[in-house]
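These are my notebook entries on a structure that I looked through one place at a time. I wrote down what I looked up and what I found there.

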Amino acid sequence: MINGKKSLFYTVLMAGALMSCGGPKQAPSEEVAKSGNPVFEGWYADPEGIIYGDTYWIYPTTSDLYEKQTFFDCFSSKDLVSWTKHTAILDTAEVKWAKIAMWAPSVINKDGKYYLFFGANDVHEGEIGGIGVAVSDRPEGPYKDLLGKPLINEIVNGAQPIDQFVFHDADNDEYYMYYGGWKHCNMVRLNKDFTGLIPFEDGTIYKEVTPKDYVEGPFMFKKNGKYYFMWSEGGWTGPDYKVAYAISDSPFGPFNRIGEVLRQNFDMANGAGHHSIMHVPNSEDYYIVYHRRPAGVKTRDHRETCIEKMTFNEEGLINPVEITTEGVEARTIQ
């Protein structure tokens, strides 16, 4: 098990002043465990958090030089506090067309299979790379390349094919993928076995849905019939990196920027961004999983994965999230 930089927080309730005859003290209350931040050791970024059954999973990018980003690890937990590391669940030995820069997993399960979408090769026009997809019978892998080639290789609408997020809209049983770097975001419609793209009703394959100030890292979730679209802004190597969001009545937008959700605290960390959301089913418990660079650290790739609670106001707007060293309280899934 990986304990990471865990912290245990204690609340001790004491009785009133001792009587002259010697009054008894109350027993201490049970200790309250918290995850601590980062939630596990190592330099990891772009974390995708998801819940499979009674288990939390985090699939991050290995944060290192591009030529060393040739594999993915993942982590699992029953309570958000103790995490188990699963090493090298997918690598370039399995994905023959990927050479470097394997980035930002997006994961989903369907029909008893587990799918991992990823970007590779930091692709530019005319190069081989882009968004791939792998499949496994288990969430911890090992994963196998599903196609033997990228699912999306080309540059469309100015969007580099990276930072993909797969969203299942349960209302119409459609699977949409939002993706894009270089300040452009596209959405596409996936076929039922994730082997290709299919046209939207108007015949188009790609729709640009870029919000104001978008840079990369799109994420979508649905709450009370509304579509919450989120993304990262600013430069990923700089202190202005942050998360913003929009709310729409449609998965196609428009996505009009409402405001920031997450940003750095210079006393603690900078570059807080590229996040995902985990929602405990049948509850109002939402968690934001993100990366940040510890205060005082200048090295580009020294990024760590963290988690905070995310809440909403009475109007359904997301309350700004404060980054912490404590993380979140232990939470099991029944």
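Which residues does Leu-262 touch, not counting residues up to four places away in sequence? I listed Lys-242, Val-243, Ala-272, Gly-273, Ile-288, Tyr-290, Val-321 and Ile-323 as the residues that Leu-262 touches. I note here, before going on, that this is a predicted model.

**Entry on the nonpolar cores.** I then looked up the largest nonpolar core, which has 36 residues, and found Leu-262 among those with the most contacts inside it, together with Tyr-178, Phe-221, Met-230, Val-261, Met-310 and Ile-318. Strand E17, residues 226-233, gives this core its largest share, which is five residues. Apart from this core I found another one of 19 residues, and among them are Ile-50, Cys-74, Val-95 and Leu-116.

**Entry on an open sheet.** I followed three strands that form an open sheet in the order E20-E21-E22, with antiparallel pairing. Strand E20 (269-279) and strand E22 (304-310) stand at the edges, and because each has a single partner strand, one side of each is left without a neighbour in the sheet. Neighbouring strands of this sheet are turned against each other by 30° on average, with direction ignored. Looking at one pair in detail, I saw that strand E21, residues 286-294, and E22 are joined in the antiparallel sense over seven bridges. Tyr-286 stands opposite Met-310 in E22, and Met-310 is a residue I had already listed among those with the most contacts inside the largest nonpolar core.

**Entry on Arg-292.** Is Arg-292 buried or exposed? Arg-292, which lies in strand E21, counts as buried because its relative accessibility is 2%, and the limit for buried is under 20%. I looked up what its side chain reaches, and found a polar contact of 2.8 Å with the side chain of Tyr-290, as well as the backbone oxygen of Thr-324 at 2.9 Å.

**Entry on Ser-76.** Ser-76 lies in strand E5 and is buried, with a relative accessible area of 9%. Its side chain is joined to the side chain of His-86 by a polar contact of 2.8 Å. Leaving aside neighbours within four places in sequence, I found Ser-76 in contact with Thr-55, Tyr-56, Trp-57, Ser-82, Trp-83, Thr-84 and also His-86.

**Entry on Ile-51.** Ile-51 is buried, with a relative accessible area of 16%. I also looked up how Ile-51 stands to Ile-277: the two are 226 residues apart in sequence, and their C-alpha atoms are 9.9 Å apart in space.

**Entry on the backbone in loops.** I found a cis peptide bond between Asn-37 and Pro-38, with omega about 5°, and Pro-38 lies in the loop between strand E2 (32-34) and strand E3 (44-52). A cis peptide bond also joins Gly-253 and Pro-254, where omega is about 5°, and I placed Pro-254 in the loop between strand E18 (242-248) and strand E19 (257-263).

I then looked at phi. Leu-80 has a positive phi of about 75° although it is not a glycine, and Leu-80 lies in the loop between strand E5 (71-77) and strand E6 (84-91). Asp-111, again a residue other than glycine, has a positive phi near 55°, and its place is the loop between strand E7 (103-110) and strand E8 (113-120).

Note on methods: Residues are numbered from 1 along each chain as its sequence is written. This is a predicted model: local features need pLDDT of at least 70, side-chain atom pairs count only at pLDDT 80 or more; totals for chains, interfaces and linings use all residues. Side-chain values use heavy atoms; hydrogens and water are left out. Helices (H or I, at least four residues) and strands (E, at least two) are DSSP runs, numbered from the N terminus. A nonpolar core is a set of buried Ala, Val, Leu, Ile, Met, Phe, Trp, Tyr and Cys residues joined through side-chain atoms within 4.5 Å. Buried means under 20% relative accessible area, exposed over 50%, partly exposed in between (1.4 Å probe, protein chains only). Contact means heavy atoms within 4.5 Å. A polar contact is a pair of N or O atoms within 3.5 Å; within protein, one must be able to donate a hydrogen and the other to accept it, and residues adjacent in sequence count only if both atoms are side-chain atoms. Two strands pair if DSSP finds at least two bridges between them. Axes are lines fitted to C-alpha atoms, for helices over the stretch in contact, and angles run from 0 to 180 degrees between N-to-C directions.
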